[in-house]
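Reader: I'm new to this one. Can you walk me through it, starting with the aromatic rings?

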Amino acid sequence: MRAEIVTISTDSKFVHLAWQRSEKELEKVRYPMGSDNTGKLSRIFGVYDEQTGMDLRGAFVINPDGTLLNAEINYYNLGRNIEELMRKFKANIYMSRKTNEVCPSKWKEEGDVTLSPSASMVGRVHEALDKK
Amino acid sequence: MIDSIPLKVGQKVPPFELDIYDPVKEDFGTFSFDPAKPDQKWTILFFYPADFTFV
């Protein structure tokens with residue numbers, strides 16, 4: 001399943017270009033680098049810092065209907081775990097197809113144990129997680 | 001300036017456009033998000049403080 005990934009800061013597109021061309025770490029970057037100069041979009045997602053004019057470290061997963069399904073915001077000094085972001089992304093896609101299932105914390109990919117909440121599972125979550 | 005109450009999980013993201021630098025085309029462009037588009041894909045937005053720092 002493909003997603004559109006866009007990275008966003010309040011830098012201009014000109015600075016994005018300069019950074020991508022000069023930083024070796026970004027040599028293989030293929031996703032669009034968005035510029036939110038005015039902070040308008042950043043404010044909508046609650047990541048805009050009015051004191052500094054910069055964005056906090058935010059990651060958001062949105063489904064094709066436009067519903068925000070996952071939000072994570074870290075302060076400046078903590079990086080995000082991309083594996084965890086992709087886990088949430090994959091889980092959301094899986095659950096959009098299997099709407100009666102939920103993905104527990106240890107779910108990583110299709111085939112891992114999911115739960116189907118029902119009366120019979122009340123008080124039996126441990127057994128349900130253990131079935132594999 | 002629009003009212004800026006941040007979105008919560010479960011709410012609808014309004015359509016938006018962003019100026020972009022596209023490293024594949026090595027050119028500037030526009031990224032547009034609009035759930036009304038029939039081909040709108042899943043979207044991941046990844047905000048960070050500033051270019052030329054760690055992400």
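Author: Start with Phe45(A). Phe45(A) has a relative accessible area of 2%, so Phe45(A) is buried. Keep in mind that this is a predicted model.

Reader: And Phe47(B), buried or exposed?

Author: Buried. The relative accessible area of Phe47(B) is 0%.

Reader: How many aromatic pairs are there over all chains?

Author: The count comes to 12. One of them is Phe45(A) with Phe47(B), a tilted pair. The centres are 5.8 Å apart, with 45° between the planes.

Reader: Where do Phe45(A) and Phe47(B) lie?

Author: Phe45(A) is in the loop between helix H2 (40-44) and strand S3 (48-49) of chain A. Phe47(B) is in strand S3 (residues 42-47) of chain B, so the pair joins two chains.

Reader: What about the rings of Tyr94(A) and Trp107(A)?

Author: That pair is tilted because the planes are at 40°, with the centres 5.6 Å apart. Tyr94(A) sits in helix H3 (residues 82-97) of chain A. Trp107(A) is in the loop between H3 and helix H4 (125-129) of chain A, so the pair ties together parts 13 residues apart in sequence. Tyr94(A) and Trp107(A) are both buried.

Reader: Which rings link into a cluster?

Author: Phe14(A), Tyr21(B) and Phe28(B) do, through ring pairs. Phe28(B) also has Lys13(A) over its face, at 4.9 Å from the ring centre.

Reader: What lies over the face of Phe46(B)?

Author: Arg80(A), at 3.8 Å from the ring centre.

Reader: New topic. How many strands form the open sheet?

Author: Seven, with mixed pairing. The order is S6(A)-S5(A)-S3(B)-S1(A)-S2(A)-S1(B)-S2(B).

Reader: Which strands stand at the edges?

Author: Strand S6 (68-74) of chain A and strand S2 (27-33) of chain B. Each has a single partner strand, so one side of each is left without a neighbour in the sheet. From one strand to the next, the twist averages 25°.

Reader: How many bridges join S5 of chain A to S3(B)?

Author: Four, and those strands run antiparallel. S5 of chain A covers residues 57-62. Val61(A) has Ile44(B) as its bridge partner in S3(B).

Reader: Which strands does H3(A) lie across?

Author: S1, S5 and S6 of chain A, together with S3 of chain B. H3(A) runs at about 160° to S3(B).

Reader: And helix H1 of chain A?

Author: Helix H1 (residues 13-22) lies across strands S1 (3-9) and S2 (33-35) of chain A, plus strand S1 (16-22) and S2 of chain B. The angle to S1(B) is about 35°.

Reader: What's in the largest nonpolar core?

Author: There are 20 residues. Leu41(A), Phe45(A), Val13(B), Phe16(B), Leu45(B) and Phe47(B) touch the most other members. S1(B) gives the most to this core, with three residues.

Reader: What does Phe16(B) contact?

Author: Beyond its neighbours within four places in sequence, Phe16(B) is in contact with Leu41(A), Phe31(B), Ser32(B), Phe33(B) and Leu45(B).

Reader: Last one. Where does Ser116(A) lie?

Author: In the loop between H3 and H4 of chain A. Ser116(A) is partly exposed, at 36% relative accessible area. Ser116(A) and Val102(A) are 14 residues apart in sequence, and 6.2 Å apart in space, C-alpha to C-alpha. Not counting residues up to four places away in sequence, Ser116(A) touches Asn100(A), Glu101(A) and Met121(A).

How values were computed
Residues are numbered from 1 along each chain as its sequence is written. Chains are lettered from A and ligands numbered from 1 in the order in which they are written. This is a predicted model: local features need pLDDT of at least 70, side-chain atom pairs count only at pLDDT 80 or more; totals for chains, interfaces and linings use all residues. Side-chain values use heavy atoms; hydrogens and water are left out. Rings of Phe, Tyr and Trp (its six-membered ring) pair if their centres lie within 6.5 Å; planes under 30 degrees apart count as stacked, over 60 as edge-to-face and the rest as tilted. Buried means under 20% relative accessible area, exposed over 50%, partly exposed in between (1.4 Å probe, protein chains only). A charge sits over a ring if NZ of Lys or CZ of Arg is within 6 Å of the ring centre and within 35 degrees of the ring normal. Contact means heavy atoms within 4.5 Å. Two strands pair if DSSP finds at least two bridges between them. Axes are lines fitted to C-alpha atoms, for helices over the stretch in contact, and angles run from 0 to 180 degrees between N-to-C directions. A nonpolar core is a set of buried Ala, Val, Leu, Ile, Met, Phe, Trp, Tyr and Cys residues joined through side-chain atoms within 4.5 Å.
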